[in-house]
Amino acid sequence: MLTYFVNLSHHWESKLWRRPAFQSLVTALQQAMPVIAVDIYLRLAIKLILAPNALIVKLFKINPAPFKTFFAYMVTFLSLADVAAVLIFVAALTYQYLTHLGHRDTSLPLLTNCLAVFLFFGDKTQAPIFSMTQYFVITLITLFSSYAYHQYCAHYHASNPYSLPYLIWSGMIIIISLFLHQIFRQHVFEFFLSDIWTQKFFATALGLLIMTTVAPLLYLLGVTLPPELAAPSPNMYGVSSNLHAFLSTGQSALPTPENVYTTYGAFTLFGGVGNTLAICLLLLFSASKQQRHIARISWLPSLFDSSYILFVGLPLFFNPLFIIPMILVNLMSLVLSYLAIWTHFIQPIVFVAPDGLPNILLPSIASPTPIRATIVTVVIFALSVLIYRPFLSHITLEVPHEK
Amino acid sequence: MKNKLLLLLSLLMLIVLGFFAHQNIAQSSDKEAKLQNSRMAPIIFVPGSSATINRFDDLFKELNASGPVHSILKVQVNKNNQLEFHGKLNPQDRQPFIVVGFQDNDDGYSNIKRQTKWLNTALSALQNRYHFRHFSAVGHSNGGLVWTNYLEQDYDSSSFNIATLMTLGTPFNFSETSLQRRTEMLNDLIASNNHLPSNLDMYSVAGTEDYTDDGIVPVESVLAGKYIYQNKVRSYTQITVSGDNAEHSSLPENPEVVNLIQTKVIHPDKKLIQK
């Protein structure tokens, strides 16, 4: 059965990656990788040390005042790094895709796409809000625009790439991006996604199964995940009633022992969605020097649950190879944690951990039965590694085209 | 070799972080448990400018004379952030009266901002001492401004839960007699009113001596509170009292005000049952 899934994933991967759009995507991601790595490490520094509620500041009771000015500078610099990363990715993707399609002069579509993406994320009253988590939208706009340019060029031939017909195309793309901006700025989809997971239904077994399956799909597609799915969230249904019950009555039965926080949040987010820390561990021992390099750069952020260097470096984004193993890992983690709680092998996590704490520590420190919760964590992490291993075998065991 | 070293260092880091995180959680859950199991819900009074922590003594005599006796604690926050405690709370008292006053009790917007920070300091210290989460608040004159500013700037709903706020003759637009002329403070309070707790019941009481003011604060300035609170909190009620003892400095002792504090702040549930 597992062999069938592995072969199926490899088949999907080889079929999809052959297409020019996806080849361009991989190259563009690799070209944007250095800026993205800087961006991710800056975020990590803020999360761990510089923010007023940073993990180190909170755990070691350090006075955050000396970091205040530096923090403000870093936040400004971070927004610039975000813009740079997005624009480099857009420029690289446009260039690579149109070159694949046989275009030599790509300056106009390159400028148009950068402007379109900038305006899409921009706001009249605020600085543009960029987030490297919105790969899906960015990629969609860039590929759609570039393909439209390709089709447009098939109908209009002009020697000057800035002649009126091309400028009309450019204007149309910019108008469409502004129109989309008006729709997307409402954040309706994000609010819908964020609201839906807090419903009581998602504390039931069926609800948890749906959530656990949907989250990796959204993640691999590059859709911005609501915070409730991206990190263990104490806002989910049942968390506060469990904590209140525990604090009032001690170790008695909790009202909602199996909920999103105690199962999905505690046991499927080691290193990020789909226990990606396990992927990073496998790549550390890869035969490929390049993969080992990516894994080493990604290791520290992954330990603190930011898997975006892997997301662009491997890449995980739009990679069909990871659909099946990630869903399998999530389902395995959910079933094991659910059973562990249901059989009372462990007490579910009830406490809210400090912000920024690695998710892999959450069960051990936030469950009233820390030793047993640690055992379950180790078992789930080991099984995650075992599930990912055959799917990644052709990456970790072979060294294709490497000097 | 490099990988093994990386994994070893990571493991060490996780152990250190886990140890300190466990301590952090143990401390915060201990505090949470005390708050959770506390039945105390004090009523905290803040006097206006130029008034001391004894400002509400007559009011407390009235309130204690007509019902169960509430223990009284007075806290003065000095300019150097040090707290002076006067009086003692009865541990059995579910609704003690606490007065928070300030050594620097000058008038003016800048001092109201400072007093807000001092109030925040006092509330944190009181919570650490008495482990309460729920409370109600009364602010006389500028004391109402300090409460409003506190609720907008410093109130943390994960630490506290304020049920009712009653302001007495609070000049939300200082001494301006026209609502068309908004002071900097009113504009600031309106701009930040999204931070007000949405489950708050707010009562703004105005006194009138002569249809225009209570001798000091114009009625219009008290009415300006609607621009801050209306539709931002669960309920906002504007009440005007008149006649004897409706002047600004006598408002806390006004019989109608005493009755309002008893029915809206001390026993809001009883009032509902009577209805």
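1. Pro315(A) lies in the loop between α15 (308–313) and α16 (323–342) of chain A; helices here are DSSP runs of H or I with at least four residues, numbered from the N terminus. The peptide bond that joins Leu314(A) to Pro315(A) is cis, with omega at about -10 degrees. The model is a predicted one, in which local features need pLDDT of at least 70 and side-chain atom pairs count only at pLDDT 80 or more, while totals for chains, interfaces and linings use all residues. Residues are numbered from 1 along each chain as its sequence is written, chains are lettered from A and ligands numbered from 1 in the order in which they are written, and side-chain values use heavy atoms, with hydrogens and water left out.

2. A further backbone feature concerns Asp305(A), which has a positive phi of about 70 degrees although it is not a glycine. Asp305(A) is placed in the loop between α14 (289–303) and α15 of chain A.

3. In chain A, helix α13 (residues 277–284) and helix α18 (residues 370–391) cross at roughly 60 degrees, and their axes come within 9 Å. Axes are lines fitted to C-alpha atoms, for helices over the stretch in contact, and angles run from 0 to 180 degrees between N-to-C directions. α13(A) and α18(A) are therefore oblique to each other; angles under 35 degrees count as roughly parallel, over 145 as roughly antiparallel, 65 to 115 as roughly perpendicular and the rest as oblique. The crossing is right-handed, that is, the near helix is turned clockwise from the far one by less than a right angle. Leu277(A), Ala278(A), Ile279(A), Leu281(A) and Leu282(A) of α13(A) make the contact with Phe381(A), Ser384(A), Val385(A), Tyr388(A) and Arg389(A) of α18(A), contact meaning heavy atoms within 4.5 Å.

4. In chain B, helix α3 (residues 109–130) packs against helix α4 (residues 142–153) at an angle of about 70 degrees, with the axes 9 Å apart. α3(B) is therefore roughly perpendicular to α4(B). This crossing is right-handed. Residues in contact include Ile112(B), Leu119(B) and Leu123(B) in α3(B), and Leu145(B), Trp147(B) and Tyr150(B) in α4(B).

5. At the interface, 21 residues of chain B are in contact with 27 residues of chain A. The two chains bury about 2100 Å² between them, 73% of it on carbon and sulfur atoms; buried area is the accessible area (1.4 Å probe) that two parts lose on being put together, summed over both. Asn3(B), Leu17(B) and Ile25(B) lose the most area in chain B to chain A, together 26% of what that side buries.

6. Over all chains, the structure holds seven salt bridges, each a side-chain nitrogen of Lys or Arg within 4 Å of a carboxyl oxygen of Asp or Glu. Between chain B and chain A the count is zero. Arg43(A) forms a salt bridge with Asp39(A), with the closest N and O atoms 2.9 Å apart. Both residues lie in helix α2 (residues 20–50) of chain A, four residues apart, about one turn of the helix.

Definitions and conventions. Helix = DSSP H or I, 4+ residues; strand = E, 2+ residues; numbered from the N terminus.
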